Amino acid sequence: MWGLLADEQRLRVFGAVALGVGSVEEVRDATGLSAREVMAALAKLEAGGVLRVVDDVWSVDRASLRRHAQEASPSSSHEEEGLEPRVAVVLRAFLRDGRLVSVPTLRAKRLVVLDHVAKVFELGVRYPEREVDALLRAFYDDYVTLRRYLVDEDFLSRSEGLYWRSGGSFDL
């Protein structure tokens with residue numbers, strides 16, 4: 001649904017309607033778009049649950065937006081996992097769609113993130129470096145730095161080109 005607003009014309013139409021412009025003609029005048037472009041944008045925004053029309057007056061479908069925002073909220077996924085509130089706050093700040101936005105500079109927060117990342121490694125399994133890198137690349141583009149942090153903070157151990165999980169919390 002949010003992807004609908006990535007299109008410049010639909011964003012302009014949405015903005016005009018959100019600011020109180022209600023008719024097709026008013027939207028056309030406010031946006032500078034042609035009537036055809038306005039109608040196409042309105043139709044897509046209505047189909048996506050962003051706008052609604054009642055008696056030829058367009059308005060933002062706030063209930064639908066609220067529902068979509070709650071469904072897309074990153075906080076709900078961490079809270080549903082049963083994480084401690086402190087951990088959920090840190091993960092919410094540094095993860096987007098399961099990927100690291102950045103590695104925290106504060107050690108306490110970095111340990112929370114590293115503990116989360118370390119859970120992709122099964123206990124008792126030895127991983128070649130190539131496999132470790134592939135797993136870490138799914139979290140962060142700079143997987144080498146991430147691997148170094150995991151080893152330095154004793155979440156992973158390394159010997160003879162193999163890595164294994166040696167620390168961190170685990171789910172029972």
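Biologist: In which loop does Asp 56 have its place?

Modeller: Asp 56 sits in the loop between strand 1 (51-54) and strand 2 (57-60); helices (H or I, at least four residues) and strands (E, at least two) are DSSP runs, numbered from the N terminus. This is a predicted model, in which local features need pLDDT of at least 70 and side-chain atom pairs count only at pLDDT 80 or more, while totals for chains, interfaces and linings use all residues. Residues are numbered from 1 along each chain as its sequence is written, and side-chain values use heavy atoms, with hydrogens and water left out.

Biologist: Why is Asp 56 called exposed?

Modeller: The relative accessible area of Asp 56 is 64%, and the term exposed applies over 50%, with buried under 20% and partly exposed in between (1.4 Å probe, protein chains only). Asp 56 is therefore exposed. Its phi is near 65°, a positive value in a residue other than glycine.

Biologist: What makes Asp 154 count as exposed?

Modeller: Asp 154, in the loop between helix 9 and strand 6, has a relative accessible area of 52%, and therefore counts as exposed. Phi of Asp 154 is near 65°, again positive in a residue that is not glycine. Most residues other than glycine have a negative phi.

Biologist: Why does Arg 36 count as exposed?

Modeller: Arg 36 belongs to helix 3 (residues 35-47), and its relative accessibility of 68% is the value that makes it exposed. The C-alpha atoms of Arg 36 and Val 24, twelve residues apart along the chain, are separated by 9.9 Å.

Biologist: Why are helix 1 and helix 3 called roughly perpendicular to each other?

Modeller: Helix 1 (residues 8-18) and helix 3 pack at an angle of about 80°, with their axes 9 Å apart; the axes are lines fitted to C-alpha atoms, for helices over the stretch in contact, and the angles run from 0 to 180 degrees between N-to-C directions. Under 35 degrees counts as roughly parallel, over 145 as roughly antiparallel, 65 to 115 as roughly perpendicular and the rest as oblique, and the two helices are therefore roughly perpendicular to each other.

Biologist: Which residues of helix 1 meet helix 3?

Modeller: Gln 9, Arg 10, Val 13, Phe 14 and Val 17 of helix 1 meet Glu 37, Val 38, Ala 41, Leu 42, Lys 44 and Leu 45 of helix 3, contact being heavy atoms within 4.5 Å. By class, this contact of helix 1 with helix 3 has seven nonpolar, one polar and three charged residues, where Ala, Val, Leu, Ile, Met, Phe, Trp, Tyr, Cys and Pro are nonpolar, Asp, Glu, Lys and Arg charged, and the others, Gly among them, polar.

Biologist: What makes helix 7 and helix 9 roughly perpendicular to each other?

Modeller: Helix 7 (107-118) and helix 9 (143-152) pack at an angle of about 100°, their axes 10 Å apart, and are therefore roughly perpendicular to each other. Arg 110, Leu 114, Val 117 and Ala 118 of helix 7 make the contact with Leu 146, Tyr 149 and Leu 150 of helix 9, a contact with six nonpolar, no polar and one charged residues.

Biologist: How do you know that the buried residues of helix 8 are on the same side?

Modeller: In helix 8 (residues 129-137) the buried residues are Val 132, Asp 133 and Leu 136. They cover an arc of only 100° around the axis, which puts them on the same side of helix 8; the arc is that of the directions from the helix axis to the C-beta atoms. These buried residues pack against helix 7, strand 5 (126-128), helix 9, strand 6 (156-159) and strand 7 (162-165).

Biologist: Which residues of the largest nonpolar core touch the most other members?

Modeller: Of its 24 residues, Leu 100, Leu 146 and Leu 150 do, a nonpolar core being a set of buried Ala, Val, Leu, Ile, Met, Phe, Trp, Tyr and Cys residues joined through side-chain atoms within 4.5 Å. Helix 6 (85-94), helix 7, helix 8 and helix 9 each supply at least two residues of this core, and helix 7 gives the most, with five. A second, separate core of 19 residues includes Phe 14, Leu 51, Trp 58 and Leu 65.
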